[in-house]
Amino acid sequence: MTTSLKPATDSRLAEGIRDAATGKSDKLSGFYLLDDGLSAFVARAVLIEEATVSLDLKYYIYEDDSVGRLLTSLLLKAADRGVRVRLLVDDLGTRVVNPWILALDRHPNMHIRVFNPVEGRSGVKRALEQAVNLGRINHRMHNKLLVADGLAMITGGRNIADGYFSKSSVEFLDVDVLAIGEVLPQSAQVFDDYWNSAVSVSVSELLIADDETHNLEELRKRTRKLLADEAGSEFTRALDQSKMAAELSNGDIPFRWGKARLLADPPEKALGKDDIPREEYPGFQLEEIIRDSKERLNISAAYFIPGVIGTDLFTGLEKRGVSVGILTNSLSSNDVAIVHGAYARYRKRLLRAGVDLWELRTVAGEERRKKWFRGESKATLHAKTFVMDHQLGFVGSINLDGRSLLWNTEIGLLMENAQVNQQLHELFTEWVAPDSAWAVKLSDSDKLEWHAEDEDGNPIVEHKDPETTLWQRSLSWLLSWLPIESQI
């Protein structure tokens, strides 16, 4: 068992955060939204480079691609300079089969664990265990959290993979928050609870191929070559051009200050324990907060299956005069047809009650991506944000579906600050603009219509799910009849 180390006190990061917090109550936290992929990558890289004591990371997906390799290289450099690194990944989201992982774990300052692992690393054995132990394996760690030196944290929707940071054939529209202040001890405790959970297993105990060629010295050589090869990449250029390191160390990041609560499922949820009070689930806590909305509620949710309870909640708010707007993926931007099929059953009831409903277009954010990355990519919504009235905002990993609420472990930050609330509202407004999302409406004959605008601002009206084939629409409809809504 290991626990979080005491926060750094004598470092550029520590000094900058002290300067940023000057004159602020020690009961408040500072928030800085990261609403584009390159800024979100830079923020993570800067925190890793500035750390002097500890780095704690837990992610559902940690890919072996450009972003994953770059951040891993920076983590190794941090460990080499004496920083303790703890990395926790989910076993289904992150396939831990690379033998270089064992070399990393042998570093005296690096420790890697896998959450709720499937025993077989690959092939038939893994598939059989998944089938036999479905009840346990169905619970996944969907969390995203990075804590640097006990002083700064990043949480939100982004996993560690190229698509979440704008370099992929599919780009995920997402948002994270960089936070400092009173919320940091909460994040340290949450990480410790997961790290020391009975279902977190050291990679050295898993069946990964090992040989003498995969050692630390060879890994350092590969790291140096990787960093040299990536010297001209978009990510490296963004990091080189960024002023964030200097701004952090000088206390110049424009943090917004307010009260905060880090909402996180207990790791015991992965064991399927029935004795965990419902009140400990973030989904339940968010529901109670949403019920208190008085004027407006904006939700962006990659996967949105409101069910009867959620539909009653949102339609009930509309009846009370609350303006409810929801953005989710369209069938063309959704990567899971069965999710769209389940969601589609609730569209008409929500619209009849006055709920504003938008579905993301695949061209959303295209011009911004072209500024940094060559070629075109398809957009998909991955953000999970809530704007409640004019003071509360939430950024996290929680989708509004049965899997997030009942099965996965989730995390997110509830922030009480009018400026953050307005920033999230403006981001929502940008995402639901006619060149970014389809406004779903009901015609006079109670049929669904999709409204948007073309590049010249001319109106577009579609009478079936836009940018889809008959096969896609048929498959989504057929899957919607499966009685597994609570599982997806």
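The model is predicted.

Start with the whole chain. Its secondary structure comes to 18 helices and 20 strands. The chain has 488 residues, and buried residues make up 58% of them. The accessible surface comes to about 20,600 Å². Carbon and sulfur atoms account for 52% of that surface. Now look at contacts between residues at least 6 apart in sequence: 79% of these join residues at least 24 apart.

Next come the charged pairs. Side chains of opposite charge can pair when their charged atoms come close. In this model the count comes to 18 salt bridges.

E359 lies in strand β13 (residues 356–360) and R347 in helix α14 (residues 347–352), so the pair ties together parts that are 12 residues apart in sequence. E359 is buried, at a relative accessible area of 0%. R347 is buried too, at 5%.

R347 also forms a salt bridge with D465, where the closest N and O atoms are 3.3 Å apart. This pair links distant parts of the chain, 118 residues apart. D465 sits in the loop between β20 (459–462) and α18 (470–479), while R347 is in helix α14. Both D465 and R347 are buried.

Now turn to E287 and R278. Their side chains meet in a salt bridge at 3.6 Å, N to O. E287 is buried, with a relative accessible area of 15%. R278 counts as partly exposed, at 48%.

Finally, find R44, R158 and D176. A network of salt bridges links these residues.

Technical notes: Residues numbered from 1 in each chain as written. Predicted model: local features only at pLDDT ≥ 70, side-chain atom pairs only at ≥ 80, totals over all residues. Heavy atoms only, no water. Helix = DSSP H or I, 4+ residues; strand = E, 2+ residues; numbered from the N terminus. Buried < 20%, exposed > 50% of the residue type's maximum accessible area, 1.4 Å probe, protein only. Contact = heavy atoms within 4.5 Å. Areas by Shrake-Rupley, 256 points an atom, 1.4 Å probe, with all protein chains shown as cover. Salt bridge = Lys/Arg side-chain N within 4 Å of Asp/Glu carboxyl O.
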